[in-house]
Amino acid sequence: MHMPERSCIVCRQKTSKYSLLRFVLEDQTLIFDPRYKESGRGAYLCPQKSCFIQAIQKFIFNKVLKTKKILISTELIQQVQCHIKNNCSDC
Ligand SMILES: [Zn+2]
């Protein structure tokens, strides 16, 4: 079966979109979309803490989502770190 492929916005590694973390923008706020259901333009990241941190520090989310100001909450960072660490699908 063909799986849709996406690239990590940081390291550019290409893989099935379902092995990447998806993020969307909702009113300038970055939202984690673990079920790949939110509408809008998605930004994909491989499940690596280093890529997530670089995406924030180098404003890669801003470039990919074409928005100057993006709010990234502490809750979102914690949620993603938990997801990466525990592969937890509930948080
Ligand atoms: Zn990556």
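In what order do the strands of the open sheet lie, and is the pairing parallel or antiparallel?

Reply: This is a predicted model, in which local features need pLDDT of at least 70 and side-chain atom pairs count only at pLDDT 80 or more, while totals for chains, interfaces and linings use all residues. Residue numbers start from 1 along each chain, following the sequence as written.

The open sheet is made of three strands in the order 4-3-5, and the pairing is antiparallel. Strand 4 and strand 5 are the edge strands, each pairing on one side only. From one strand to the next, the twist averages 35°. Strands here are DSSP runs of E with at least two residues, helices are runs of H or I with at least four, and both are numbered from the N terminus. Two strands pair if DSSP finds at least two bridges between them. Angles run from 0 to 180 degrees between N-to-C directions, with axes as lines fitted to C-alpha atoms, for helices over the stretch in contact.

For orientation, the chain has three helices and five strands, and along the sequence they follow the pattern β-β-β-β-β-α-α-α.

Strand 3 and strand 4 form a hairpin with two residues between them, and D27 in the turn has a positive phi of about 50°. Strand 3 also pairs with strand 5 in the antiparallel sense, over three bridges. Here R22 stands opposite Y44, and F23 has A43 as its bridge partner.

The next point is where the side chains go. In a regular strand, side chains alternate between the two faces of the sheet.

The largest nonpolar core has 17 residues, of which C8, I9, Y44, L45, C51 and A55 touch the most other members. Strand 3 (21–26), strand 5 (43–45) and helix 1 (49–57) each supply at least two residues of this core. A nonpolar core is a set of buried Ala, Val, Leu, Ile, Met, Phe, Trp, Tyr and Cys residues joined through C-beta atoms within 7 Å. In soluble globular proteins, nonpolar side chains tend to be buried together.

Leaving aside neighbours within four places in sequence, Y44 is in contact with R6, S7, C8, I9, K17, L20, L21 and R22. Contact means that the C-beta atoms of two residues, placed from the backbone, lie within 7 Å.

Helices lie around the sheet. Helix 3 (residues 74–86) lies across strand 3 and strand 4, running at about 25° to strand 4. In helix 1, the buried residues are C51, F52 and A55. They lie on the same side of helix 1, because they cover an arc of only 100° around the axis; the arc is that of the directions from the helix axis to the C-beta atoms. Strand 5, helix 2 (60–64) and helix 3 are included in what covers these buried residues of helix 1.

On the face of helix 1 turned away from the buried side are the exposed residues K49, S50 and Q57. K49 counts as exposed because it has 11 C-beta neighbours inside 10 Å. Apart from neighbours within four places in sequence, K49 is in contact with Q81 and I84. The C-alpha atoms of K49 and V80 are separated by 8.6 Å, although the two residues are 31 apart along the chain. I53, also found in helix 1, is partly exposed, with 13 other C-beta atoms within 10 Å. Its C-alpha atom is separated by 9.9 Å from that of Q81, 28 residues away along the chain. After helix 1 comes F59, whose phi is positive, near 55°.

As for the chain as a whole, 20% of its 91 residues count as buried.

Terms used:
Buried ≥ 20, exposed ≤ 12 C-beta atoms within 10 Å, placed from the backbone.
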